[in-house]
Structures are given as structure tokens and as C-alpha cells.
Amino acid sequence: MLSRLRTEIFPEAVEAEAFGPDVTKFVSFEPNSNRGSDQFASDVMFGHVTVEKKSGERLTENVVIKIQPSAEIAHLVFDCDAQFSNEILFYTKIIPAFRKYDSDDILSTNFSKFIYGKATCGKNPKDDIIILEDMTAKGYKLTEERLAIDEKHINLALDRIGKYHALSFKLQAEEPEKFQELISQIKPTKRDNDGSFVPKNFLTMTTMRGVKPLRDDPRYKDKLEDLCKHFENATEYADKYQEPSESLNVITHGDFCRNNMMFKYKNNGEPDGVVFFDLATIKYCSPVVDLSFFLSLNTSPETRRLHWNEFLQRYYGALSQQLVGHSARPSFETVELEMRKRGVYGYYLCSFFLPSMTQTKTIEDWDKEAKDEEFSEDRLLQEGGPQATESLADLVRHMLDTNYIFEV
């Protein structure tokens, strides 16, 4: 890959004016051998590229390069061809369409700069590539915490995703034909499950893990009937909740969690900037797809209990601020009801992702297990141990305590 970058890809990028119209020559690319990544749906390389302007001046950019994943499990779970297509669509068409309405410059400050990309839509996957600015060079980094992050990080991320979501409301209202043309190009990224990789009742198995500890709890045992009936058809509801809602719809991030955001910090350690990345699974659907996953996976039980309403208000305040005087501005009650109706979506994802995160699994671990072991109910319900089971039970308690609505 390194040879192709130097002899083909970066020279092509220069010719396409990816580094600017006054850049005429590729000089060198040096990988950063000390950087790695545990990204699931792509293989990642970091490094710095040097190019030369017409004047002879040389510029060096720190970049992150994404190519199709080598791990087989990624291709079993996702349509990786569609993922590359979607991410390039986001940077080359959706962001330019949104800029007209971006008065707060959210797109430039909260997303990595796109440099170059190519998606062949399955014709030649080895040519699929995305090159972005490496934001770590500007002081951004992942949180040290892998799961629960504090309310300052959460509020900052909610503020920015709310402002980003507002751009969809504006474009839908002002240029509906253009918006429809954009969302028609978003490709589904989930592979159809025929039961050969994981059982078709996989989500029912994993979601029920958080219910079992509550069966003998006098506070909750009489509140589980609708929830259990709902989980019997969890796969169908998970698919439904990724489709457009009756009331609120935006172009979501699609995989909005701590793993796909980096923060910049003040001298006192407080976060004062955030960038979002990995836009491969964008969807046109309810904003709750983003909110519910983030607030389910990356909050502790105590933080949810103490700050839940604050989090919803923070998100709504950012969204609403961007839509002052606009006919597309929803009410807080509409957003809150949407969370109660579709917020269980975040729990679906957490039911299998959280246990793996609890025991620090890598993509190599997942790939090996997919090749060497069968997915059994016993194994699923033991992954992450008692800590993971209790974390899922806490999420079920939260959904019941905040009056989530479970379709049956």
C-alpha cells in the first residue's frame, strides 16, 4: 500500500488539486510508525505528506488514510463498499450543500478536513481510499475513558451534534429537491443476515441480557411485559428505527459515540473543542439514532440519573438556537417524545457493543472469533462478565424510569 500511495494515489490527488490549485508536485509521504488504530470498518494509516507549489514552496500535511478493511468480520457485518461511498458523499456533496446554512461554521470546526477520496462501489475495492487531515496534529485526541465520559464532554458533543442536525432541517425546508437528491444517494450499509454468521434472533438474545437481572426486582418485575414482547422482534424494530420517522428526520452521523470523536482541551483540562469522524454510516432518519447510542453507551448510570434532562435540553437548545424564527424548528416536547419512542435503538447497539468494549476487544479479536467460534447464547451472555450485564440492566432501568415507549 505504501508504494501505491507514493507512486499513484498522492500524485493523482495533486493532479485533482486536492492540496490546492497552486500545488503542482507530490514530493514524499512518510508513515507514522508509532500510530495505530482499532477502527472496525476500515484499515487506517497515519503519516505526513509533502507537496510543492508552483513557486517552489513546500507544504507538509498530517493525514489519516482509510482503506478497505482486511478483517473479514467487517465485510460480514457491513457493506464496506457502501461505507466508502457514503463517507465520500458526505464530504464532497452533503457538506458543500450544508455550508450555505452554516452560520456558526460547524462544518469547518467540528469535522476533519477532507483532502481526497475515491469509492468504486464494489468495482475495485482496493482502490477505495479516503484521505483526511489528521486532527491530532491540532491537539485533538480521544478521551482516556473508553465508555462513560463526564458531563462536560457529553454536553459539548451534544451541543455540536445539535447544531449539525439543524443544518438538515434548514436544507430540507429551503431546498427540498436538492435535499431529496442528496439523501437518495445514501447507501444502506448493513449486510442482510441469513443466520450463517450470527443467529437471526441475535438481538433478542443480547437485549434480553439486561432484562434478566430485573425479573426478581420488586421495583421493575411488573413493568417488563411490553419490553420483553418488544425485544422478541428487536431486529425488525432496529431496522425500522433507522428509517425515516413520522416527525423528525435529519442526516445523522450514524455511529455517534465516543469512539468517533476527539476533543481538544484548555490548560485546565476542560474540553473546549470536538471533531467528529467516521461518517461511513450516515442515514436519513430520526436524530434519536445519534442521541440514543451516544447517551446509552457513553454515560454512567449516575450521570444519566443526575443529568438526563439537562442533556436533552442541551441538545435541543443547540438545535433550536440554529432554527430561531424558522418554520422547521421543532418543540422540545416533540424531541423528548421522539427519544421516548425510539430511544431503545441505542440500547440495541449497546446490548452487543458494550460487553465487547468492557473487555477491551480489538478488531483482531472479533475477526478471530468470527472465524474460529460459533455465536452461542451462553457465550453472548458471558461476554464482558457481570460488569457488562449490570451495565445493560442499568440501561433497562433508565428506559423504564424515563417512560420509554416500546412498540409491540
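These legends accompany a set of close-up views of one predicted model. Local features need pLDDT of at least 70 and side-chain atom pairs count only at pLDDT 80 or more, while totals for chains, interfaces and linings use all residues. Residues are numbered from 1 along each chain as its sequence is written, and side-chain values use heavy atoms, with hydrogens and water left out.

View 1. Welcome to the strands, which, like the helices, are DSSP runs numbered from the N terminus (helices: H or I, at least four residues; strands: E, at least two). Strand E7 covers residues 261–265 and runs antiparallel to E8, with five bridges joining them; two strands pair if DSSP finds at least two bridges between them. Strand E8 (residues 271–276) is mostly covered, with five of its six residues buried. Buried means under 20% relative accessible area, exposed means over 50%, and partly exposed is in between (1.4 Å probe, protein chains only).

**View 2. The largest nonpolar core, around Leu295.** A nonpolar core is a set of buried Ala, Val, Leu, Ile, Met, Phe, Trp, Tyr and Cys residues joined through side-chain atoms within 4.5 Å. The largest one here has 94 residues, and those with the most contacts inside it are Phe90, Phe98, Tyr164, Ile251, Phe294, Leu295 and Tyr348. Helix H5 (residues 151–174) gives the largest share of this core, 10 residues. Apart from this core lies another, of 17 residues, among them Val14, Phe19, Phe26 and Ile115. Back at Leu295, contact means heavy atoms within 4.5 Å. Setting aside neighbours within four places in sequence, Leu295 is in contact with Ile154, Leu158, Arg304, Trp308, Phe311, Leu312 and Met339.

**View 3. Helix H5 from end to end.** Here is a handy check on helix geometry: the expected span is 1.5 Å times one less than the number of residues. The 24 residues of H5 should span 34 Å, and the end C-alpha atoms are 34 Å apart, which agrees. H5 is mostly covered, as 19 of its 24 residues are buried. At the start of H5, a side-chain oxygen of Asp150 comes to within 3.0 Å of the backbone nitrogen of Lys152.

View 4. Gln68 sits in the loop between strand E3 (58–67) and helix H2 (72–77). With 11% relative accessibility, Gln68 counts as buried. A polar contact is a pair of N or O atoms within 3.5 Å; within protein, one must be able to donate a hydrogen and the other to accept it, and residues adjacent in sequence count only if both atoms are side-chain atoms. The side chain of Gln68 makes such a contact with that of Asp81 at 2.8 Å and with that of Asp128 at 2.9 Å. Not counting residues up to four places away in sequence, Gln68 touches Asp43, His75, Cys80, Asp81, Phe84, Pro125 and Asp128.

View 5. For Cys80, the nearest cysteine sulfur is that of Cys121, 13 Å away; Cys80 counts as buried at 1% relative accessibility. For Cys257, the nearest cysteine sulfur is that of Cys350, 9.0 Å away, and Cys257 is buried too, with a relative accessible area of 2%. Cys350 lies in helix H13 (residues 344–358) and counts as buried at 0% relative accessibility. Beyond its neighbours within four places in sequence, Cys350 is in contact with residues including Phe293, Ser296, Leu297, Leu392 and Leu395.

**View 6. Helix H16 and Asn403.** The 17 residues of H16 (residues 385–401) should span 24 Å, and the end C-alpha atoms are 25 Å apart, which agrees. Buried residues in H16 include Ala388, Leu392, Leu395 and Met399. Asn403 lies in the segment after H16 and counts as partly exposed at 48% relative accessibility. Most residues other than glycine have a negative phi. Asn403, however, is a residue other than glycine with a positive phi, near 60 degrees.

**View 7. Glu17 in its loop.** Glu17 is not a glycine, yet has a positive phi of about 65 degrees. The loop that holds Glu17 runs between helix H1 (2–15) and strand E1 (23–31). At 47% relative accessibility, Glu17 counts as partly exposed.

Methods:
Disulfide = S-S within 2.5 Å.
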